[in-house]
Amino acid sequence: MITLRISLPFQILVNEQIQKITVESVDGFHTLLAKHIDYATALNTSIVQYINKEGDACYVACDEGILIKKGENISLSTRLGIKSNNLKELKEIIETTFKRMEEDRKETNKTLAKLELTLARGLMELNKGENG
């Protein structure tokens, strides 16, 4: 068995015993087993699949990351991860999550544009007061 730990910036998403894991790294797909040599790689944005100790497939959508295998421990760090035991359900969660993130990004950009405009106007008024 391998101990898998998937860490996000503010939580541990997975910490369990597994049989194997399949990941997509920058240099292709890799399946790691308990006796695999120690290994480190950068991961692409992809779906990580692992087989838990009961033999069930589990999936984690990762937004890039780093994977390190040392002995019988695998650590995977990613900035965003979503876990599901159902691939179809994971697809729906990803679509909903990324749609919400895109809406949040657009709203943030609008707010920043308004702040920049207000700052520019304030600086122009300040400049007029000093020169006028």
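Helices (H or I, at least four residues) and strands (E, at least two) are DSSP runs, numbered from the N terminus. The model is predicted, so local features need pLDDT of at least 70 and side-chain atom pairs count only at pLDDT 80 or more, while totals for chains, interfaces and linings use all residues. Residues are numbered from 1 along each chain as its sequence is written, and side-chain values use heavy atoms, with hydrogens and water left out.

**View A. Asn52, tucked away in strand S5.**
Look for Asn52 in strand S5, which covers residues 46–52. Is Asn52 buried or exposed? With a relative accessibility of 8%, Asn52 counts as buried, because buried means under 20% relative accessible area, exposed means over 50%, and partly exposed is in between (1.4 Å probe, protein chains only). Contact here means heavy atoms within 4.5 Å. If you skip the neighbours within four places in sequence, Asn52 is in contact with Glu16, Gln17, Ile18, Gln19 and Cys58. A polar atom of the Asn52 side chain also lies 2.8 Å from the backbone nitrogen of Asp56.

**View B. Strand S1 and its two partners.**
Strand S1 spans residues 2–8, and five of its seven residues are buried, so the rest of the structure largely encloses it. Two strands pair if DSSP finds at least two bridges between them. S1 and S2 run antiparallel and are joined by seven bridges; a hairpin takes the chain from S1 to S2 through two residues. For a landmark, find Leu4, which stands opposite Glu16 in S2. How do S1 and S8 run, parallel or antiparallel? They run parallel, with five bridges joining them, and here Ser7 stands opposite Ser77 in S8.

Now follow strand S2 (residues 11–25) into strand S3 (residues 28–33): the two pair in the antiparallel sense over six bridges. Ser25 has Gly28 in S3 as its bridge partner.

**View D. Thr22 and the residues around it.**
Thr22 lies in strand S2 and is partly exposed, with a relative accessible area of 22%. Which residues does Thr22 touch, leaving aside its neighbours within four places in sequence? Thr22 is in contact with His30, Thr31, Ile47, Val48 and Gln49. The side chains of Thr22 and Thr31 make a polar contact at 3.0 Å. A polar contact is a pair of N or O atoms within 3.5 Å; within protein, one must be able to donate a hydrogen and the other to accept it, and residues adjacent in sequence count only if both atoms are side-chain atoms. Thr22 and Ile51 are 29 residues apart along the chain, and their C-alpha atoms are separated by 8.9 Å.

Side chains of opposite charge can pair when their charged atoms come close. The cut-off for a salt bridge is a side-chain nitrogen of Lys or Arg within 4 Å of a carboxyl oxygen of Asp or Glu, and by this rule the count comes to six salt bridges. In one of them, the side chains of Lys83 and Glu16 meet at 3.4 Å, N to O. This pair links distant parts of the chain, with Lys83 in strand S9 (residues 81–84) and Glu16 in strand S2, 67 residues apart. Lys83 is partly exposed at 33% relative accessible area, and Glu16 also counts as partly exposed, at 24%.

**View F. Arg79 and Glu64, a loop-to-loop link.**
Arg79 and Glu64 form a salt bridge whose closest N and O atoms are 3.8 Å apart. Arg79 sits in the loop between strand S8 (73–77) and S9, and Glu64 in the loop between strand S6 (57–62) and strand S7 (65–70), so the pair ties together parts that are 15 residues apart in sequence. Arg79 is exposed, with a relative accessible area of 55%, whereas Glu64 counts as partly exposed at 41%.

Glu95 and Lys91 form a salt bridge, with the closest N and O atoms 2.9 Å apart. Why are Glu95 and Lys91 separated by about one helical turn? Because they are four residues apart in helix H1. Glu95 counts as partly exposed at 47%, and Lys91 is exposed, with a relative accessible area of 52%.
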